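Please read the following briefing alongside the sequence and the coordinates.

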Amino acid sequence: MKVTFKSSHFTDYLKPSQIVFNLKAKDKIQAIEELLDVLVKQKLIKNEKLILTRIIDRERLESTALGHNVAFPHARVDTEGNLAVAVGKSAKGIDFDSIDDKKVHLIILIVWDHSLPGLFNHLFAGLAQFLRKPGFRQRIFGAKNKSELRKALSEVELQLPQEDRIISRASLLKKLQDIEIKKKKVKKAQRKPLEEQANLIRHELDEALVDRFDRLMKRYGFAVAEVDIGACQGCNINVATGMRSAIEGSNDIYICENCGKFLIASKNKEK
Ligand SMILES: [Zn+2]
């Protein structure tokens, strides 16, 4: 299914009233609550408590702090077709269990709907690309007021990641595999929380990606293979040097040209 959006510009979904230039919050949960309050005031969301729970569950699964002092808490719930975005800036910084251990100074909170499949991947790819742009920190963290901040954020565009490469989702896909494998081993009564965790991940990954994942799981019992000492651990065939170096140290997903499994970097540090 092809999804079309009313606009491909992120800031078209971000009115100045959805920006908190100086967050009062001192921790992660307070920050999420503060931004959710904004969305309630703007009548963009209704069930604040449920959404808060969802967002926190998602953060427990894996922090949405992407590095570069930016976090991206989110939930996919019923919003009647809305994309609800709130942005908060914190001069002091907030501990968000970031992958790079740095405090978070910019929080982009997003709540969206089941009627907008694929949206997350568009947005995530756009944000990932924006975060790689030189000078983005200067423009974001040097902004003197709301409108300067909003102007800097207008550079973020919704776009689809390249086909052979899915940006910054490798760890999440690996987590989904670990959960699915665990699910098979536990007793029926213990499956429900695992099922819920798996659904959180499934909701935000691209549909085509999840389909492929399920097919591989069914066929081989696993879908994600690490690249270790230069070879795909799914088929033991060497991975092209160029792809190998691209995978190393990244959180991107590639596809093994030989066996078709998802390739991710090995956890074992190669010497
Ligand atoms: Zn392979």
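In which loop is the place of Asn236? Asn236 sits in the loop between strand E8 (231-232) and helix H9 (241-247), where helices (H or I, at least four residues) and strands (E, at least two) are DSSP runs numbered from the N terminus. The model is predicted, and accordingly local features need pLDDT of at least 70, side-chain atom pairs count only at pLDDT 80 or more, and totals for chains, interfaces and linings use all residues. Residues are numbered from 1 along each chain as its sequence is written.

**Overall architecture**

- The secondary structure of the chain comprises nine helices and 10 strands, and its C-alpha atoms fill a box of roughly 55 × 45 × 35 Å along the principal axes.
- The radius of gyration of the chain is 19 Å, which agrees with the value near 18 Å that a compact globule of 271 residues would have; the radius is taken over C-alpha atoms, and the globule rule is 2.2 Å times the number of residues to the power 0.38.
- Of the 271 residues, 36% are buried, a residue being buried if 20 or more other C-beta atoms lie within 10 Å of its own, exposed if 12 or fewer, and partly exposed in between, with C-beta atoms placed from the backbone.
- Among contacts with a separation of 6 or more, 69% join residues 24 or more positions apart, where a contact requires C-beta atoms, placed from the backbone, to lie within 7 Å.

- Apart from its neighbours within four places in sequence, Val85 is in contact with Tyr13, Leu14, Gln18, Ile108, Leu109 and Ile110.

**Packing of H1 against H2**

- The axes of helix H1 (residues 28-41) and helix H2 (residues 48-61) come within 11 Å and cross at roughly 140 degrees; axes are lines fitted to C-alpha atoms, for helices over the stretch in contact, and angles run from 0 to 180 degrees between N-to-C directions.
- In this contact Ile29, Ile32, Glu33, Leu36 and Val40 of H1 meet Glu48, Ile51, Leu52, Ile55 and Ile56 of H2.

**Individual residues**

- Most residues other than glycine have a negative phi.
- Asn69, which is not a glycine, has a positive phi of about 65 degrees; Asn69 lies in the loop between strand E2 (65-67) and strand E3 (70-71) and is buried because 22 other C-beta atoms are within 10 Å.
- Asn236 likewise has a positive phi, near 65 degrees, but counts as exposed, with 11 C-beta neighbours inside 10 Å.
- Pro73, in the loop between E3 and strand E4 (74-76), counts as buried with 27 C-beta neighbours inside 10 Å, and its contacts beyond four places in sequence are Ile32, Ile55, Glu59, Thr64, Ile107 and Leu109.
- Arg76 lies in strand E4 and counts as buried, with 22 C-beta neighbours inside 10 Å, while its C-alpha atom is separated by 33 Å from that of Cys232, 156 residues apart along the chain.

Terms used. Contact = placed C-beta atoms within 7 Å.
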